[in-house]
Amino acid sequence: MDVLLSILTGLLYAAGLYLLLHKGMMKMIIGIMMLGYASNLFLFLVAKLTRGVPALIPSAADTIEVPFADPVPQALILTAIVIGFGIQAFAIVLLKRVYLSTRTANMDDLNTTDKLDD
Amino acid sequence: MEILLAVLLSFSGAILSPLVHGLTRKRGGALLSVIPFLLFAWASVKMWHVVDGATFQETIPWIQSLGLDLVFRIDGLSIFFLMLITGFGVLIHIYANAYLSHDTNKPRFFVFLSLFMGSMVGLVLSGSLLLLFVFWELTSLSSYMLIGYYHEREKSRDSALQAMLVTVLGGLFMLAGIVLLGADAGTLRIDELLANPQLVLNSPNINIILVLLLMGAFTKSAQFPFHFWLPNAMEAPAPVSAYLHSTTMVKAGVFLLARISPIFSELPLWTTLLPAVGGFTMVYGAVMALFSTDLKKILAYTTISALGIMVMLLGIGTVLAVQAAMVFVLAHALYKGTLFMVVGNIDHEAGTRDVNQLSGLRKAMPFTFVAAALAAMSMSGVLPFFGFVAKEILYGAAADSPGWSYLTLAAVFVAGAVFAALSIEIGYKIFFGDEAKLPKHPHEAPLGMLLGPLVASGFGLLGGVLVEQVAQPLLHHTSNVVHNVDSVLKLTLWHGFTLIFGLSLLTLAAGYGVYIIRSRVRAVAVRLNLSNLTGPESAYLQFIPSLLKVAKGQTRFFQSGLLRNYMVIISTFLVGTIALVAAFGNGSIPWANLFSSDFGFRWYEVLVVVAMLVALVLSISSQSRLTVIVSLGVIGYGTAMLFLFFGAPDVAMTQFLIETLTVVLFVLILFKLPKFVDVPLRVRLRLMVPAILFGAVMAFVLLWLHQSETSTALKDYFAQNSYVAAKGKNIVNVILVDFRGLDTLGEITVLGIAALGVYSLLKVRDVRRIGS
């Protein structure tokens with residue numbers, strides 16, 4: 001299963017970058033979100049997978065015995081999900097604003113700020 | 001602490017200048033001369049101890065991780081240069097205060113000047129090569145600001161940049177040499193290196209180290225072919241030229257050579273390269289000086305020539321040659337510093353520096369004339385000036401040199417004759433004769449601008465007359481430090497009618513001859529276009545624009561303005577580095593069992609993955625925005641399910657919530673968003689290449705990680721401490737709110753800022769429509 005999930009993560013990364021490379025604005029947003037899923041899964045898979053043993057200390061004990069799921073990546077993912085949501089929401093609204101202001105959804109038209117003076 | 005305080009004091013004018021000028025704008029600079037004066041007094045006291053044979057050393061821990069301590073050292077060599085720097089510091093402060101009296105930026109000038117003086121003081125007092133390098137670079141930086149002081153002139157800015165680039169380039173080579181030396185010798189402390197030169201001499205890289213160090217010295221001391229920045233630096237105000245370009249900074253290279261001479265002077269490379277480069281520079285500088293008609297250019301080229309003499313003498317390396325070098329450093333500083341200030345006066349009061357225009361200034365500028373005449377006589381080596389003493393010992397050292405002594409003598413003779421000719425021109429020609437018509441009606445310079453040249457040239461006379469009482473004890477110890485043998489320096493004004501004295505007289509006669517034919521020589525030089533030869537400078541002049549062109553080209557390439565290209569560059573870089581690590585890294589990759597796992601499958605897990613794959617295909621291929629958003633939702637919920645299956649219920653819950661929110665947000669503004677643009681298959685295929693490579697590499701990293709051992713230290717730590725230390729049973733929860741509580745606070749802040757951004761973007765009205 002961990003092999004299958006690794007491949008799925010790779011596919012999500014590939015799809016995310018593929019969409020980001022499009023010049024259409026919509027595709028870009030989808031791409032950002034896809035990269036977000038991929039990264040969360042990536043973090044999750046870095047630790048050894050376990051089935052059905054959350055990192056909860058039994059009520060009678062002070063510490064937990066192996067096996068239990070690695071809590072460190074989970075904590076990181078929780079942060080990542082929330083921050084990722086912030087980025088997505090901001091990107092969606094920003095691109096909508098850009099689209100309404102410039103009337104173009106083509107990212108290739110939005111390169112004036114990076115032009116080098118001669 | 002005492003030496004450190006002295007170094008700090010030497011920098012203090014940089015802070016005090018604006019305050020002092022706030023008190024008294026007119027005399028601010030003169031008031032600041034108290035600082036070098038105090039330092040000079042301190043140095044004089046120290047000198048008496050040094051003359052008695054003492055050395056002072058102090059170590060203050062600084063950046064110990066870099067092996068960089070504040071090691072300061074006072075010995076015969078550093079005290080000599082320290083007195084030169086602070087002594088001239090006093091004169092230059094007073095001179096500059098008068099010279100720039102009408103300049104609104106005067107306070108700023110003194111900030112730069114103090115920075116420079118502090119850097120020089122630090123440089124000569126450094127007791128470790130690394131510390132010396134730090135101050136070395138500071139002198140380059142502060143000289144950049146001083147040369148470019150008239151920053152509104154393009155020529156001035158270019159010259160400042162050129163001087164800095166050339167000396168900093170040399171400094172970089174020197175740093176490489178220092179690092180190499182430190183690695184091989186195990187220490188950078190000068191006392192340890194001097195006590196045990198074998199530490200360096202045993203290094204297999206000894207010649208490389210020496211060449212790298214010489215690059216620093218040669219660029220700083222304007223040796224051919226790096227000399228060209230010095231004539232260009234004459235764009236600087238006169239006090240800067242007098243201070244940096246004759247008495248102190250350009251001698252930093254000579255100082256470095258003198259510092260390392262006890263270590264390297266036995267090497268064949270040292271005894272061939274230094275005399276060759278120095279000797280050539282000496283003749284080349286003299287000839288170029290003769291070709292020039294701008295007084296400042298003449299002085300700049302004779303300075304180059306004089307620096308060549310010093311380098312050559314240190315390279316010859318006999319006891320007499322080293323003594324001659326140190327005597328000449330002092331003699332040159334006294335007369336050249338004077339002449340630069342004299343020329344500053346003439347430029348300031350008469351409005352031109354062209355020797356052909358100037359004449360008859362004696363009546364208008366009597367005191368300037370006295371200083372000029374005294375300095376010129378010292379420069380040409382007339383009895384009883386200190387320059388005469390220097391010239392005698394110089395001839396003595398040249399005649400005494402172990403190899404090529406006739407060639408050396410001849411070269412010194414040529415340079416000496418040119419020096420004499422130009423001395424007559426500066427000290428006599430421009431002051432006598434008819435009073436010429438000049439851009440300004442000439443009159444005597446103010447007192448502040450006379451004090452410096454008169455005092456310095458007066459010392460040139462005094463040093464000659466009282467040579468046994470004043471110069472000898474000081475320079476005796478200086479040269480003993482440089483050649484590291486205890487020998488006796490014998491300086492006398494009058495040797496009797498020796499061969500050397502005859503040579504001195506002959507030089508003066510030849511100098512007079514050159515003076516007579518100088519106009520014809522210059523005419524020939526103009527006809528052959530010799531004075532405008534750029535020479536090695538053309539390499540610089542071509543290099544800088546091509547460097548800028550390359551910089552522009554690569555910026556254009558990487559910064560195309562197309563988001564797509566940025567993404568491709570970033571992902572390609574990532575793929576490339578991981579491929580490099582995989583191919584050449586230390587870890588071996590278990591290619592055979594990369595896909596093997598004993599974790600097993602459950603049917604519901606596979607079902608979720610299949611659903612996600614279907615959604616994935618749909619989301620990249622569908623043209624309907626609604627379908628894509630629903631597919632995205634499926635992928636999001638799918639990952640949440642996976643989190644749930646594999647022991648992460650908290651993460652799953654968060655993912656469910658966020659996913660829902662995202663879909664809601666999307667649907668809310670869906671129809672305000674642009675439609676999909678149709679992309680031809682050819683383009684799509686081209687975009688797939690980097691994407692698939694990227695995905696493959698990321699999957700590979702994960703698979704690779706599964707086959708390797710990972711540390712469980714953190715996992716164990718949290719398992720042990722979550723309840724015991726933080727009283728929480730849900731470990732993930734405890735990490736977030738307790739162990740990493742501050743991170744979570746940061747996360748909330750980020751989210752808050754994003755929310756503010758979203759809100760304001762939604763509220764803002766379309767005030768400015770771009771493109772309409």
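Below are my entries, grouped by topic.

**Ground rules.** I'm working from a predicted model, where local features need pLDDT of at least 70, side-chain atom pairs count only at pLDDT 80 or more, and totals for chains, interfaces and linings use all residues. Residues are numbered from 1 along each chain as its sequence is written, chains are lettered from A and ligands numbered from 1 in the order in which they are written, and side-chain values use heavy atoms, with hydrogens and water left out.

**Where the chains meet.** I began with the contacts (heavy atoms within 4.5 Å). I found 94 residues of chain A touching 104 residues of chain B. How much area is buried between chain A and chain B? I got about 9,400 Å², with carbon and sulfur atoms giving 74% of that. Buried area here is the accessible area (1.4 Å probe) that two parts lose on being put together, summed over both.

I then looked for salt bridges, meaning a side-chain nitrogen of Lys or Arg within 4 Å of a carboxyl oxygen of Asp or Glu. The count between the two chains is 1. A:Arg51 pairs with B:Glu605, and their closest N and O atoms are 2.7 Å apart. Which element gives the most to the side of chain A that touches chain B? I noted α3(A), with 25 residues. Helices in these notes are DSSP runs (H or I, at least four residues), numbered from the N terminus.

**B:Thr654.** I found this residue in helix α27 (residues 649-669) of chain B. Buried or exposed? B:Thr654 counts as buried because its relative accessibility is 18%; the cut-offs are under 20% for buried, over 50% for exposed and partly exposed in between (1.4 Å probe, protein chains only). Leaving aside neighbours within four places in sequence, B:Thr654 is in contact with A:Leu78, A:Ile81 and A:Val82. Its side chain also reaches the backbone oxygen of B:Asp650 at 2.8 Å.

**B:Lys220.** I found this lysine in helix α10 (residues 206-220) of chain B. B:Lys220 counts as buried because its relative accessible area is 0%. Its side chain reaches the backbone oxygen of B:Trp136 at 3.4 Å. Beyond four places in sequence, its contacts include B:Thr167, B:Trp229 and B:Met249.

In the loop between α10 and α11 (229-232) of chain B I noted B:Pro225, and the peptide bond from B:Phe224 to B:Pro225 is cis, with omega near 0 degrees. B:Ala222 lies in the loop between α10 and α11 too, and its phi is positive, near 50 degrees. B:Ala222 is buried, with a relative accessible area of 0%.

Chain A has a cis bond from A:Val66 to A:Pro67, and A:Pro67 sits in the loop between α2 and α3. Back in chain B, B:Lys727 has a phi near 60 degrees. B:Lys727 counts as exposed because its relative accessibility is 59%.

**A nonpolar patch.** Last, I wrote down B:Phe459, B:Leu462, B:Val465, B:Leu466 and B:Val470, which form a nonpolar patch on the surface with about 420 Å² of accessible area together. Such a patch takes residues with over 30% relative accessible area and no salt bridge, nonpolar side chains (Val, Leu, Ile, Met, Phe, Trp, Tyr) being joined within 5 Å and like charges within 9 Å. Areas come from the Shrake-Rupley method with a 1.4 Å probe, and for residues only the protein chains shown count as cover. Helix α20 (residues 447-465) gives the most, with 3 residues.

How values were computed
Helix = DSSP H or I, 4+ residues; strand = E, 2+ residues; numbered from the N terminus. Polar contact = N/O pair within 3.5 Å; in protein donor to acceptor, adjacent residues only side chain to side chain.
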